[in-house]
Amino acid sequence: MTKNEIAKMIDHTQLSAVAVQDDIEKLCAEAIKYGFASVCVNPVYVPFAAKLLLGSGVKVCTVIGFPLGADATEDKAAQAANSVEKGADEVDMVINLGATKAGQFAEVERDIFCVVQAAHTVGKSQRKTVVVKVILETCYLTDEEIKEVCLCAKQAGADFVKTSTGFATPKDKDGNALFNGATVHAVEIMRKTVGDCIGIKASGGIRSARTALDMISAGATRLGTSSGVTILEDMR
């Protein structure tokens, strides 16, 4: 793949809790320079990013129920609608992880459906296509749970399933930190489950061209990373 093709698959990300406007300005300038698919920012910066990116072709992505996914469904839907109204083109929502671990997949699907409907409805009113990505937080899930949530997202009308927030804190039985980002194994399961009908976003721990290409080979069609510039400059 060419650098330009890789760039068009990258959501250039700045989700730090202490990010300031200068950070968002830099993010947007880099996204325009390198031709990234989108910038991914916290909801508070959606209007600012939308203004900076107007006419550039770079989309504005934001996060919903982030990073825990434990907000009430109605709150997630309202936040998604509000973000789209203020300029978001794409929303990445975190699933209800508690319901997932309890095997309550009807509730997981309802949660996703409500956000999808809210985002798509506002998008239609603004005559734009809004993309909804569903964050599974795969580091907390079994292979079977990954499959079940992918099916929930597909049935709920989501446009993408996504591996991770990058903010999870999984630990082993001794309390040692475990990897919290995207893995080739998880991406392969996701692609096999959803087929070719929706996209897959690999996110978390993608910091090199080699890792990016491995994720794409496994089935990813979008990459979430704060290392997009490094990845492209690492390509020869």
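Trainee: Hi! Which residues does I32 touch, not counting residues up to four places away in sequence?
Mentor: Good place to start, and keep in mind that this is a predicted model. I32 touches L52, L53, S56 and V58, leaving aside residues up to four places away in sequence.

Trainee: Where does I32 sit?
Mentor: I32 belongs to helix α2, which covers residues 21-34.

Trainee: And how far apart are the C-alpha atoms of I32 and S56?
Mentor: Their C-alpha atoms are separated by 6.6 Å, while along the chain the two residues are 24 residues apart.

Trainee: Okay, new topic. How many strands close into the barrel?
Mentor: Eight strands do, in the order β1-β2-β3-β4-β5-β6-β7-β8, with parallel pairing. From one strand to the next, the twist averages 25 degrees.

Trainee: How many bridges join β1 to β8?
Mentor: Three bridges join these two strands, which run parallel.

Trainee: Can we talk about α9? Which of its residues are buried?
Mentor: In helix α9, residues 209-218, the buried ones are A209, A212, M215, I216 and A218.

Trainee: What covers them?
Mentor: The cover includes helices α1, α8 and α10, along with strands β7 and β8.

Trainee: And what follows α9?
Mentor: G219 does, and its phi is positive, near 130 degrees.

Trainee: Last topic, the largest pocket. How much space lies in it?
Mentor: The largest pocket holds about 360 Å³ of space. It is lined by 22 residues, and T165, G166, G204, G205 and S226 are the closest to its centre.

Trainee: Which elements give two or more residues to that lining?
Mentor: Those are β1 (10-14), β7 (199-203) and β8 (222-225).

Trainee: So how do the lining residues divide into nonpolar, polar and charged?
Mentor: The lining of the largest pocket has six nonpolar residues, 13 polar and three charged.

Methods. Residues numbered from 1 in each chain as written. Predicted model: local features only at pLDDT ≥ 70, side-chain atom pairs only at ≥ 80, totals over all residues. Heavy atoms only, no water. 1 Å grid on protein atoms, 1.4 Å probe; cavity = no way out; pocket = protein on both sides within 12 Å on 5 of 7 lines; lining within 4 Å. Points joined across faces, edges and corners; volume = space filled by probe spheres on them. Helix = DSSP H or I, 4+ residues; strand = E, 2+ residues; numbered from the N terminus. Nonpolar A, V, L, I, M, F, W, Y, C, P; charged D, E, K, R; others polar. Buried < 20%, exposed > 50% of the residue type's maximum accessible area, 1.4 Å probe, protein only. Contact = heavy atoms within 4.5 Å. Pairing = 2+ DSSP bridges. Axes fitted to C-alpha atoms, helices over the stretch in contact; angles between N-to-C directions.
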